[in-house]
Protein chains: 6
Amino acid sequence: MSTPPISRYPVPKLEDLPGDIRARILAVQEKAGFVPNVFVTLAHRPDEFRAFFAYHDALMEREGGLSKAEREMIVVATSGANDCLYCIVAHGAILRIYAKNPFVADQVAANYRKADITPRQKAMLAFALKVALDSAAIVDADFAAVKAQGFSDEDIWDIGAIAAFFALSNRMANLIGMRPNDEFHLLGRVPRK
Amino acid sequence: MSTPPISRYPVPKLEDLPGDIRARILAVQEKAGFVPNVFVTLAHRPDEFRAFFAYHDALMEREGGLSKAEREMIVVATSGANDCLYCIVAHGAILRIYAKNPFVADQVAANYRKADITPRQKAMLAFALKVALDSAAIVDADFAAVKAQGFSDEDIWDIGAIAAFFALSNRMANLIGMRPNDEFHLLGRVPRK
Amino acid sequence: MSTPPISRYPVPKLEDLPGDIRARILAVQEKAGFVPNVFVTLAHRPDEFRAFFAYHDALMEREGGLSKAEREMIVVATSGANDCLYCIVAHGAILRIYAKNPFVADQVAANYRKADITPRQKAMLAFALKVALDSAAIVDADFAAVKAQGFSDEDIWDIGAIAAFFALSNRMANLIGMRPNDEFHLLGRVPRK
Amino acid sequence: MSTPPISRYPVPKLEDLPGDIRARILAVQEKAGFVPNVFVTLAHRPDEFRAFFAYHDALMEREGGLSKAEREMIVVATSGANDCLYCIVAHGAILRIYAKNPFVADQVAANYRKADITPRQKAMLAFALKVALDSAAIVDADFAAVKAQGFSDEDIWDIGAIAAFFALSNRMANLIGMRPNDEFHLLGRVPRK
Amino acid sequence: MSTPPISRYPVPKLEDLPGDIRARILAVQEKAGFVPNVFVTLAHRPDEFRAFFAYHDALMEREGGLSKAEREMIVVATSGANDCLYCIVAHGAILRIYAKNPFVADQVAANYRKADITPRQKAMLAFALKVALDSAAIVDADFAAVKAQGFSDEDIWDIGAIAAFFALSNRMANLIGMRPNDEFHLLGRVPRK
Amino acid sequence: MSTPPISRYPVPKLEDLPGDIRARILAVQEKAGFVPNVFVTLAHRPDEFRAFFAYHDALMEREGGLSKAEREMIVVATSGANDCLYCIVAHGAILRIYAKNPFVADQVAANYRKADITPRQKAMLAFALKVALDSAAIVDADFAAVKAQGFSDEDIWDIGAIAAFFALSNRMANLIGMRPNDEFHLLGRVPRK
C-alpha cells in the first residue's frame with residue numbers, strides 16, 4: 001500500500017514557502033527530528049498558518065499556573081471528545097514527553113475521569129470539556145468549581161482558551177483530513193536514547 | 001439598572017494598550033462609529049488579540065468564491081448553533097449590512113433551511129454546520145455535495161475554516177461572557193442616514 | 001426577488017373566513033397595524049384556529065404571578081431552543097414591547113443565562129426549557145428550585161403550560177414554514193412614534 | 001399502599017365543575033365506563049380544558065386520509081419518544097381498540113420500525129417523529145417521502161398537527177405527573193364482553 | 001396477515017438442536033407453557049446461546065440484596081431506554097409476575113421517575129440507566145448515591161452488570177429483529193387461573 | 001505514586017480461584033507473558049467470568065468471513081465510541097498485532113472514517129457503530145449496505161454480535177474501573193524480539 005496523503009489539499013514544498021514559514025518549519029524539524037504534518041499542511045494558506053501558530057504559541061508557551069503537561073492534557077482531552085485523530089496522536093506524544101508518563105495520554109484521550117491525574121487536573125479537564133462541548137452553558141458555578149481547586153481567573157482563561165483554540169484546530173484537521181506523522185504514535189512511549 | 005459588564009475579565013483602557021492594538025481599535029472606531037466589544041475584551045491578552053484578528057482577517061477579507069455576505073452567513077449560522085449571543089448579534093448586524101437585507105440574519109441564526117437564500121447558500125451552510133457540530137463525520141460525500149453547487153476546493157476550505165474559526169470565537173465569547181454592543185441590535189435594520 | 005410564501009399551505013382570504021375568525025383577525029389588525037401571519041396561515045383550518053387561539057389566550061392573558069413580559073420570555077426562550085423562526089421573531093417583538101427593552105429578546109433567544117434578567121427569571125426559564133426539551137425528567141427538585149424563587153404552584157403550571165403550548169406552536173410553524181411578517185423584525189427596537 | 005395521586009395539582013370534584021365540562025366528562029364516562037384521568041386533571045383549569053379538548057377533537061375526529069387507528073398510532077409513537085406514561089398507556093389502549101390488534105400499541109411505543117404495520121404507516125410515523133423531535137429540520141424531501149406513500153398535503157398537515165398537539169399533551173402530562181387509569185393497561189388486550 | 005417472522009435469521013427446529021439446548025428449551029416450555037422466542041432465535045448459534053443463558057442465569061438468579069422483581073425492573077427500564085421491543089414486552093411480563101403488579105412494567109418502561117416504586121428502587125434505576133447510557137461518566141458520586149439507599153458494593157455490581165448484560169441483549173434482539181411471543185403481552189395483567 | 005488499583009472491586013488471588021478459571025488465566029499468561037487485567041478483575045465473580053469468556057471466544061475465535069484483525073477493529077471502534085479505556089488500550093494492542101500495523105488501532109479508536117482500512121472495513125464499522133449506538137434504528141437498508149460490500153448474513157451476525165458483546169464488556173470495564181495493564185500500551189507498536 002502506498003503512503004496515504006497527509007491532507008485533502010495540496011501540500012507545499014518547503015522551498016516554495018515564504019521565508020518566515022520555512023524558518024519556523026526548519027526550527028521545528030531541528031528540534032523534533034521531523035516535521036509534524038500540521039506545519040506543512042496548514043502552510044497551504046500562509047496567512048492562516050501565521051495566525052494559527054501565533055495563537056498556538058501565545059496559549060501553549062505562556063507562563064502561568066498551568067504546567068506545559070497540563071496544557072497538553074487539555075488538548076488531548078478535548079481532541080478526544082472531538083474525535084480528532086491528528087491532535088490525539090500528535091499532542092498525545094507531546095503530553096507523554098512533558099508528563100514523563102507513557103500512559104497518561106491514552107487515559108486522557110479515552111476518559112479523563114479514570115486517568116492517573118490529580119483531582120485538580122480532573123476539575124481542569126471538566127471545565128475544558130464544557131467549553132469544548134457546551135460553552136453556552138458555562139455559568140458562575142463552573143468558574144467556582146475550578147477556583148475551588150486553586151486556579152486563578154487567568155488560569156481559567158488559559159484553560160478555556162486552549163479548549164477554544166483546539167476547537168478550531170480539531171475542526172481544521174478533520175476538514176482537511178490531516179494525518180499524524182508515524183513518529184508520533186511511538187514518541188514518549190519508550191525511553192529516549 | 002446599571003450597565004452590565006461586557007466581560008468577566010478586566011477590560012483594558014485604550015491608553016494602556018500596545019500601540020498596534022490601539023491603532024487597530026481606533027481604526028475600527030473610525031469606520032464603525034463605535035468600538036465593538038470583541039476588540040476591547042480580547043485586548044486583555046494582547047498576543048492572543050493579535051493572532052485572533054490576524055486569523056479573522058485572513059479568512060473574512062480573503063478574495064475568493066464566497067462573497068462577504070456569504071462569509072458572514074457562515075458566522076451567523078454556526079454562532080446560532082453554538083448559542084453565542086455576541087456573535088449572533090454582532091455578525092448578524094454585519095450580515096444585514098453586507099447582504100443589504102434586514103431579515104436574513106434573524107433567519108439564518110434561527111434556521112438556515114427557511115432563510116431567503118439560494119440553494120447554493122443552503123448547501124454552504126449545511127457543510128459549515130457539519131464542521132461546527134460534527135467535524136469528525138465529514139466525508140467525501142460532504143465535499144461532493146458542496147462542489148455540486150459550484151464551490152471550488154479553496155472555497156470549501158474557506159467555508160470550513162470560517163466555521164472552525166468561529167468555533168473558537170464562540171467559545172471565547174461564551175467563556176468570558178462577552179456582551180454585544182447595544183448598537184449592533186439595530187444596525188442594518190433601518191436605512192442608514 | 002418576489003415575496004416568499006408565508007406558508008406551505010393555502011392561505012385563505014379574509015373574506016372567505018367564518019365570521020368569528022374574520023372578526024378576531026380584524027381586531028388584531030386594528031391593534032397591531034398589520035395581521036401577524038400566524039392568524040392567516042392557521043385559519044386554513046378554522047376549528048384548529050379557534051382551539052389554538054383559545055389556548056393561547058387562556059395562558060398568555062391569564063392573571064397571576066407572571067408578568068406579560070415574563071410569559072413572552074418563556075415563549076422566546078423555548079422557541080429559540082426549538083429553532084422556530086416565526087416564534088422567535090414575532091414573540092421577540094412582543095417581548096421587547098412588554099419589557100420595554102430592545103435587547104432582551106435577542107438575549108433570551110440565544111442564551112437566557114447571559115440575558116439582562118433577574119435570577120428569578122433565569123430559574124423560570126430553566127424550568128421552562130426542561131419542560132420544552134426533557135419533560136419526562138421533571139422531578140420534585142425542579143419544582144423546588146422554582147418555588148425557592150417565589151413562584152407558586154399555579155405560577156409553575158403557567159410556566160410549564162406555556163412551554164408546552166409553544167412546543168405545539170413551534171412545531172406547527174416549522175411544519176408549515178410559517179414566515180414572520182417583516183414588521184416584527186424591527187418592532188420594539190426603536191421608540192414608537 | 002394507598003392509591004397514588006393522579007396529578008401534582010388539585011383535582012376538582014365533578015360537582016364543582018362548570019356545566020359544559022361536567023357534561024363532557026359524563027359523556028365520556030357513559031361511553032368508556034370510567035373517566036380517563038386526563039379529563040379530571042386538566043379540569044383544574046377550565047379554559048385550558050376547553051381549548052385542549054377542542055383541539056384534540058378537531059384533529060382526532062377529523063375526516064380525511066388517516067384512519068382513526070392511524071391517528072392513534074401517531075399519538076403512541078410520539079408519546080413513546082417523549083416518555084409520556086399517561087399517553088402511552090391511555091392512547092395505547094385506544095389504538096388497540098381501533099386497530100383491533102392487541103399487540104400494535106406495545107410495538108409502536110417501543111419501535112415503530114419493527115411494528116406489524118404497513119410501509120405507508122411507517123413513513124407516516126417517521127414524519128411524525130421528525131415533527132416531534134426535530135421539527136426545524138423538516139424540508140421538502142420529508143414531504144416528498146410521505147407523499148410518495150399516497151398521503152395528500154392535508155393528510156400531512158394532520159400527521160404533523162397530531163404530533164404537534166401531543167408534544168403539548170405529553171409535556172402537560174409529564175408536568176403534572178398525570179397517572180393513567182388502571183383500566184387502560186388492560187383495555188383492548190382481551191376480547192370485550 | 002400471515003404471522004410475521006420472529007427473527008431475520010433462520011430459526012432452528014427443536015429436533016435439530018444439541019441435546020443440552022433442547023433440554024433447556026423444553027424445561028422453559030414446561031414452566032412457562034410456551035417457548036419464549038429468545039430461546040429459539042438465539043439457538044441459531046449454539047455456543048453463543050450457551051454463553052448468553054449462562055450469563056443471564058448468573059445475574060438474574062443470583063442471591064443477594066436485589067429481589068427478582070428488582071432485577072427485572074432494571075431489565076425493563078434499560079430496555080425501554082434502548083427501545084428494545086422484545087425485552088420490554090417479555091421482561092415486562094416477568095416483572096409483572098414477580099412484582100405481582102399489573103402496572104409497574106408499563107410505568108418503568110416509559111419513565112421510572114413516575115413509577116409506583118420506592119425511592120431506593122428509583123436510585124437503583126438511575127444508576128442502571130447511567131450504566132446503560134453513559135457508563136464512561138460513572139464516578140464515585142454515583143456509587144455513593146446508591147450506597148446511601150442501602151445497596152452494598154456487591155448489589156451495585158449486580159445492578160451495573162444486569163444493565164450491561166441487557167445492553168448486549170437489547171442489541172442482539174434489535175439486530176435480529178427478535179419478535180416477542182404474543183403470550184407476553186397479556187401475561188401478568190390478569191389473575192392467573 | 002503508588003500503583004493505582006486495577007478494579008473498584010476485590011481482585012482475587014490466583015490460588016483462591018476455581019481450577020478452571022486458574023487454568024484459563026495461566027494459559028493466557030503463558031501465551032501473552034502477563035495476565036490481562038480483565039481476567040483477574042472479572043474473576044471476582046466466577047460464574048460471570050465463565051460466561052463472559054465463553055461468549056468472547058464464541059465470537060472472536062469463530063471461523064467466518066471476518067479476519068481476526070477485523071473482529072478486533074470492531075472492538076476498538078465501538079470501545080472508542082463508548083470511551084472504554086481498558087478495551088481501547090488492550091484490544092488496540094491485539095489489533096496492532098493481528099493487523100501487523102502499528103497505527104491502525106489509534107486510527108480506528110479515534111475515527112474509523114480516516115483510518116487506513118478498506119471501504120469494506122469502513123462499511124463493517126459503520127454497521128457495528130450503529131449497533132453500538134442506535135441499534136433500534138437498524139433497518140433493512142443497513143443490512144443491504146454491508147451486504148453490498150460482500151458480507152454474508154452470518155458475517156453480519158458476527159459484526160453485530162461483537163458490537164453487542166462489547167457493549168456489555170465496555171460497561172463492565174467502566175463500572176468497575178478496570179485498568180489496562182501497562183504492557184498493552186506499547187504492544188504491537190515496536191517489532192517483537
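**Notes on the predicted assembly**

1. Starting with a pair that doesn't meet: no contact joins chain C and chain F, and their closest C-alpha atoms lie 19 Å apart. Chain B and chain E do not touch either, with 19 Å between their nearest C-alpha atoms.

2. Keep in mind that this is a predicted model. On confidence, chain A has a mean pLDDT of 96, and 98% of its residues reach 70 or more. The scores for the model are ipTM 0.97 and pTM 0.97.

3. How does chain A relate to chain B? The same surface serves both copies, since 100% of the contact residues of chain A recur in chain B.

4. Now the A/B contact itself. Chain A puts in 43 residues and chain B puts in 43 residues. The area buried between these two chains is about 3,700 Å², and carbon and sulfur atoms give 63% of that.

5. Which polar features turn up between chain A and chain B? There are 20 residue pairs in polar contact, counting those with both residues at pLDDT 80 or more. The count of salt bridges between the two chains is 6.

6. Which helices of chain A face chain B? Helix 2 (37–42), helix 3 (46–60), helix 7 (119–134), helix 8 (140–147) and helix 9 (153–176) each supply at least two residues of the side of chain A that touches chain B. Helix 9 of chain A gives the largest share of that side, 17 residues. Sorted by class, the side of chain A that touches chain B has 25 nonpolar, 7 polar and 11 charged residues.

7. Last, the salt bridges across the whole structure: the total over all chains is 83. A pair inside chain D is Asp57(D) with Arg24(D), where the side chains meet at 2.7 Å, N to O. Asp57(D) sits in helix 3 (residues 46–60) of chain D and Arg24(D) in helix 1 (residues 19–32) of chain D, so this pair ties together parts that are 33 residues apart in sequence.

Conventions:
Residues are numbered from 1 along each chain as its sequence is written. Chains are lettered from A and ligands numbered from 1 in the order in which they are written. Side-chain values use heavy atoms; hydrogens and water are left out. Contact means heavy atoms within 4.5 Å. pLDDT is the predictor's confidence in each residue, from 0 to 100. Buried area is the accessible area (1.4 Å probe) that two parts lose on being put together, summed over both. A salt bridge is a side-chain nitrogen of Lys or Arg within 4 Å of a carboxyl oxygen of Asp or Glu. A polar contact is a pair of N or O atoms within 3.5 Å; within protein, one must be able to donate a hydrogen and the other to accept it, and residues adjacent in sequence count only if both atoms are side-chain atoms. Helices (H or I, at least four residues) and strands (E, at least two) are DSSP runs, numbered from the N terminus. Ala, Val, Leu, Ile, Met, Phe, Trp, Tyr, Cys and Pro count as nonpolar, Asp, Glu, Lys and Arg as charged, and the others, Gly among them, as polar.
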